[in-house]
Amino acid sequence: MGKSRNLAGVNPPVAVGAGPRWWRRTLAWLGALYLFALVKHPPQVRGLRAIGFFTESTCLFPNADTISLEYRLDAWSCDAHAWHPIDPRVYFPIQADDKESRFQRFGYFYPSSRVAMNALDDFIYERHETSDDGLAGAIGGIKVSKWTHPIPHVGDPVARYAFTPLVPPPEDEIKDLFYTRASLRKSRCASVR
């Protein structure tokens, strides 16, 4: 059998991609390599980090989390000589009631930065007297904690998220990330008396 011809006896036109044949084949190979990299990610070495960044789309949820993170803020009460939970929403009013709160983002991105945590300590300490954060009286410093509570299993009912900063979380699900050192708390509390 020969090639198909139209009624006039001429070959029908066939769509051809732009550019020369070698260019189209190069693009086809690059496309195949990209699809391969989406499935099998390149190693995180210096020269391949940019490629790895653009091929992480299939890596969004490779292993679903089993916990949810929430960051908590406590203050050292100079009167009670104890930690008490305070409400960070008065200090971080943007999206204060959800997990995209500036305080929650701060806790997530700077958990081990002493510089950032010390700046947060100064920020809260300087504004506490004029803020209604749920703790009356002078404070000596702050404590930032990370609460890791389990996510319900697939198919289990999921309770609607509600931020309750003054309700203490279970002791076995909380980890302290930062607290104002005792000597600074003592000197701050002594200066108020």
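Arg105 counts as partly exposed, at 25% relative accessibility, where buried means under 20% relative accessible area, exposed over 50%, and partly exposed in between, computed with a 1.4 Å probe on protein chains only. Glu100, at 40% relative accessibility, is likewise classed as partly exposed. The side chains of these residues, Arg105 and Glu100, meet in a salt bridge with an N to O distance of 3.8 Å, a salt bridge being a side-chain nitrogen of Lys or Arg within 4 Å of a carboxyl oxygen of Asp or Glu.

## Basis of the values

The model is predicted, so that local features need pLDDT of at least 70 and side-chain atom pairs count only at pLDDT 80 or more, whereas totals for chains, interfaces and linings use all residues. Residues are numbered from 1 along each chain as its sequence is written, and side-chain values use heavy atoms, with hydrogens and water left out.

## Other salt bridges

Over the whole structure the search finds 7 salt bridges. One of them pairs Asp87 with Arg89, whose closest N and O atoms are 2.9 Å apart; Asp87 is buried, with a relative accessible area of 11%, while Arg89 is partly exposed, with a relative accessible area of 27%.

Another salt bridge is formed by Asp122 and Arg188, with 3.1 Å between the closest N and O atoms. This pair links distant parts of the chain, 66 residues apart, since Asp122 belongs to helix H4 (residues 114-127) and Arg188 to helix H5 (residues 182-192); helices (H or I, at least four residues) and strands (E, at least two) are DSSP runs, numbered from the N terminus. Asp122 counts as partly exposed at 36% relative accessibility, whereas Arg188, at 7%, counts as buried. Through salt bridges that share partners, Asp121, Asp122 and Arg188 are joined into one network.

## The disulfide

The structure holds 1 disulfide, a term that denotes a pair of cysteine sulfur atoms within 2.5 Å. The disulfide joins Cys78 to Cys189 at an S to S distance of 2.0 Å, and the link of Cys78 and Cys189 is left-handed, with -80° about the S-S bond.

Cys78 lies in the loop between strand S1 (67-77) and strand S2 (82-85), and Cys189 lies in helix H5, so the pair ties together parts that are 111 residues apart in sequence. Both of these cysteines, Cys78 and Cys189, are buried.
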